[in-house]
Amino acid sequence: MTSTATGARRGAGRPPQPHVEGALFVDLDGQRARYECLRPGCPHRLEGPVYSTDRRADGEPIGIGGLKGFIDGIKTQHLAQHHGSTR
Ligand SMILES: [Zn+2]
């Protein structure tokens, strides 16, 4: 008896991503975040990393809230600053 059950392998791999602009990475349980721009010709590929222990202008650590602010705003800020558009 021969059983050939090897034909059921799924076509693995990443799903297609038609319009990738950038990728946001959060590491160490949300203690660190960085934004990597994937647009061709980007003049400033990497934003951050930003740490929750980074100091604000007043000397206080930015904390998780500051990190979250970075995560929420960095894409818009990056696109506005380096690509002249917020889209
Ligand atoms: Zn960019």
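This section describes the fold of the chain, its sheet, its helix and the residues packed between them.

The model is predicted: local features require a pLDDT of at least 70, side-chain atom pairs count only at pLDDT 80 or more, and totals for chains, interfaces and linings use all residues. Residues are numbered from 1 along each chain as its sequence is written.

The secondary structure comes to one helix and three strands. Helices (H or I, at least four residues) and strands (E, at least two) are DSSP runs, numbered from the N terminus. Along the sequence the pattern is β-β-β-α. Of the 87 residues in the chain, 10% are buried. A residue is buried if 20 or more other C-beta atoms lie within 10 Å of its own, exposed if 12 or fewer, and partly exposed in between, with C-beta atoms placed from the backbone. Contacts are scored on those C-beta positions as well: two residues are in contact if their C-beta atoms, placed from the backbone, lie within 7 Å. Among contacts with a separation of 6 or more, 25% join residues 24 or more positions apart.

The three strands form an open sheet in the order β1-β2-β3, with antiparallel pairing. Strands β1 and β3 (46-51) stand at the edges; each has a single partner strand, so one side of each is left without a neighbour in the sheet. Neighbouring strands are turned by 10° against each other on average, direction ignored. Axes are lines fitted to C-alpha atoms, for helices over the stretch in contact, and angles run from 0 to 180 degrees between N-to-C directions. Two strands pair if DSSP finds at least two bridges between them. In general, strands of a sheet pair through backbone hydrogen bonds, either parallel or antiparallel.

Strand β1 (residues 22-27) pairs with strand β2 (residues 32-37) over six bridges, in the antiparallel sense. The two form a hairpin with four residues between them. Leu28, in the turn, has a positive phi of about 50°. Asp27 has Arg32 of β2 as its bridge partner. Phe25 stands opposite Arg34 in β2.

Strand β2 presents two faces. Ala33, Tyr35 and Cys37 make up the covered face, while Arg32, Arg34 and Glu36 make up the uncovered one. Arg34 counts as partly exposed, because 18 C-beta neighbours lie inside 10 Å. Its contacts, not counting residues up to four places away in sequence, are Phe25, Leu46, Glu47, Gly48, Pro49 and Val50. Arg34 and Glu47 are 13 residues apart in sequence, with their C-alpha atoms 5.7 Å apart.

Helix α1 lies across β1, β2 and β3 and runs at about 10° to β2. At 1.5 Å a residue, its 21 residues should span 30 Å; the end C-alpha atoms are 29 Å apart, which agrees. The expected span is 1.5 Å times one less than the number of residues. Gly84 follows α1 and has a positive phi, near 65°.

Leu67, Phe70, Ile74 and His78 are buried in α1. The buried residues of the helix pack against β2 and β3. Phe70 lies in α1 (residues 63-83). Phe70 is buried because 23 other C-beta atoms lie within 10 Å. Not counting residues up to four places away in sequence, Phe70 touches Ala33, Gly48 and Val50. Phe70 and Val50 are 20 residues apart in sequence and 7.7 Å apart in space, C-alpha to C-alpha.

The largest nonpolar core has seven residues: Ala33, Tyr35, Cys37, Val50, Leu67, Phe70 and Ile74. Strand β2 and helix α1 each supply at least two residues of this core. A nonpolar core is a set of buried Ala, Val, Leu, Ile, Met, Phe, Trp, Tyr and Cys residues joined through C-beta atoms within 7 Å. In soluble globular proteins, nonpolar side chains tend to be buried together.
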